Amino acid sequence: MANTVWKANQRSLAPWLFLAPGLIMFIVYVIIPIFQSMWISFYDWDGLGEKTWLGLANYAELLDDDAFYTSLKNNVIWLVLYMLALPAGLLIAIFLNQSIRGMRLYKSLFFFPFVISQVVVGLMFSWFYAPDFGLFYNLIESLTGQGIAILADDRFVTYGIIVAGLWPQIAYVMILYLTGLNNVAPDQVEAARLDGAKGWKMLWYVVLPQLRPATFIAVVVTVIGALRSFDLVSVMTDGGPYGSSRVLSFYMYEQALSEYGYRMGYGAAIAVVLFAIMMIFISGFIWKMWRDERGR
Amino acid sequence: MFPRPIEQTSPLGQWAYKIAVPVALVLWLLPLLGVALTSVRPASDLAQGNYFGMPSAIALGNYVQIFTDSPIAGYMLNSFKVTVPTVIGAVALSCMTGFALAIYGFRSNMIIFFMFVAGNFVPFQILMVPVRDLTLKMGMYNSWTGLAMFHIAFQTGFCTLFMRNFIKALPHELIEAARVEGVSEWQIFWHVVLPLMRPAIAALSVLIFTFIWNDYFWATVLTTSADSQPITAGLSSLNGQWIAQWHLVSAGSILAALPPVLMFFLMQRHFIAGLTLGAVK
């Protein structure tokens, strides 16, 4: 009996059985927590005891919190400067898109920074920037007569960290464009060349349009990468000096889990703001992907 | 070809290019080379102010010292304990979810697919408090199991996107033919589709290995003590203890970077196929 029910409905039940384990895990660990965080953001909670309902008080506090504005401002700087990874990655990809001997190895070595953990990247750049003996410090000192301790100077610290973050990000974008360049239709390039197109014109009118899928993915991963920045800030400066290099993701962690006190509700409110900012971009990406799916 | 192949330029131009590429590479990898050199620099060099010059001797002892003086071997082991089950779990789950979403045209198909895709992009912080709480309640806080469970669930989002697109590109006639033969849905998955998914499985495995090995945020949120922390979190706390002992910090950094770098070199082609999400072929 059960056997015949299964036989009759196999085709409609099968997808749900295949989906079940992955979908349940994803819902429990990703989808539900998003809503729980929103819920927690209305409470005062230390993570252990009773929750106290606050309504919008956490959000009201955010509006008066200078540290929040510093983090928000730094997030914008991250986002804008991270976009430099696109032209930089494209430039390196074009530079490397040749077939001399050993090119494959060169390409992989150029890609190296992306494979390395951001913790290690952070340590490398801290060493590079280190006051008194760091290579960068000495370089500035020999140029201007006065060294700058990048990571201890609130005017430059965020830029110093972003440069460290751009290093692997450029490598990622580069590999996307290298793969894209590989698939640029050679006949179109040749035809354009016969028509006298070269250099910038060729790049802009013939090559870039064909690189559009690569550009889309590059934009997605760069935006997400910029807004997710946490590791580098935590490793290189721990948010300092005096909180000037905080970003929202780091500030949230600090409020909710560090020695500054277990303010889970307030942390959740910061996370909700970050989520809202990210949702603007996510909806854009999803909308475009959805359209492409329909068009298939 | 864009740009114009270098073979078509003057011999001088070709020479210039062949010199420019390695020079650019050295400049590009300067931070890495600096740290690699420092990792074999004797401590006495640092004391004498020789930070960026050639080391006076090759001190492989630095690598021995990090193993004897710190729990770094344990950190490395913890990283493997988290990473390997995550790779297996996320790839196994997403083979099935990807199959379901690529093969069956049921009504909520697209909604579920885009839920996986969107979930994959959210900031970690919106998940942090509830996931930490859930892990605590399940008694998995501060253990590799708690960390691996979360990673499996989260990575399933990205892996599903990848697997679904990969299976969708397979010839559908194969499945139709098997159905006509009366092969059950499970057998179609196991005997028809799964063998064709090997390149996708390889690509995702190396990619997830690297992502999880390099994860730092969740390691700091879900683990606290040296006997459960993976290498990223461990290295960060060792950095706090080894103040100004840059030769040790560097050796630790190189060690931490080694497994993903090896993985990348061994499985390069698969790795890049994974990174481009299969969208840029």
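## Basis of the description

Buried area is the accessible area, taken with a 1.4 Å probe, that two parts lose on being put together, summed over both. The model described here is predicted, and local features need pLDDT of at least 70 while side-chain atom pairs count only at pLDDT 80 or more, although totals for chains, interfaces and linings use all residues. Residues are numbered from 1 along each chain as its sequence is written, chains are lettered from A in the order in which they are written, and side-chain values use heavy atoms, with hydrogens and water left out.

## The interface of chains A and B

Between them, chain B and chain A bury about 9,600 Å², of which 78% is on carbon and sulfur atoms. Within the area that chain B buries against chain A, B:F2, B:W28 and B:F121 supply 9%, more than any other three residues. The contact (heavy atoms within 4.5 Å) takes in 104 residues from chain A and 102 residues from chain B.

One salt bridge, defined as a side-chain nitrogen of Lys or Arg within 4 Å of a carboxyl oxygen of Asp or Glu, is counted between the two chains; it joins the side chains of B:R164 and A:E293, at 3.0 Å from N to O. The side of chain B that touches chain A draws its largest share, 11 residues, from helix α8 (residues 144–168) of chain B, where a helix is a DSSP run of H or I with at least four residues, numbered from the N terminus.

Leaving aside residues up to four places away in sequence, A:L96 touches A:M103, A:K107, A:F110, A:M174 and A:L178, together with B:Y17 and B:V21 from chain B. A:L178 is 82 residues from A:L96 along the chain, yet their C-alpha atoms are separated by 8.0 Å.

## Chain A as a whole

Chain A contains 14 helices and two strands, a strand being a DSSP run of E with at least two residues. Of its 296 residues, 55% are buried, and among contacts in chain A between residues at least 6 apart in sequence, 65% join residues at least 24 apart. The C-alpha trace of chain A spans about 80 × 70 × 30 Å along its principal axes.

Methods:
Buried means under 20% relative accessible area, exposed over 50%, partly exposed in between (1.4 Å probe, protein chains only).
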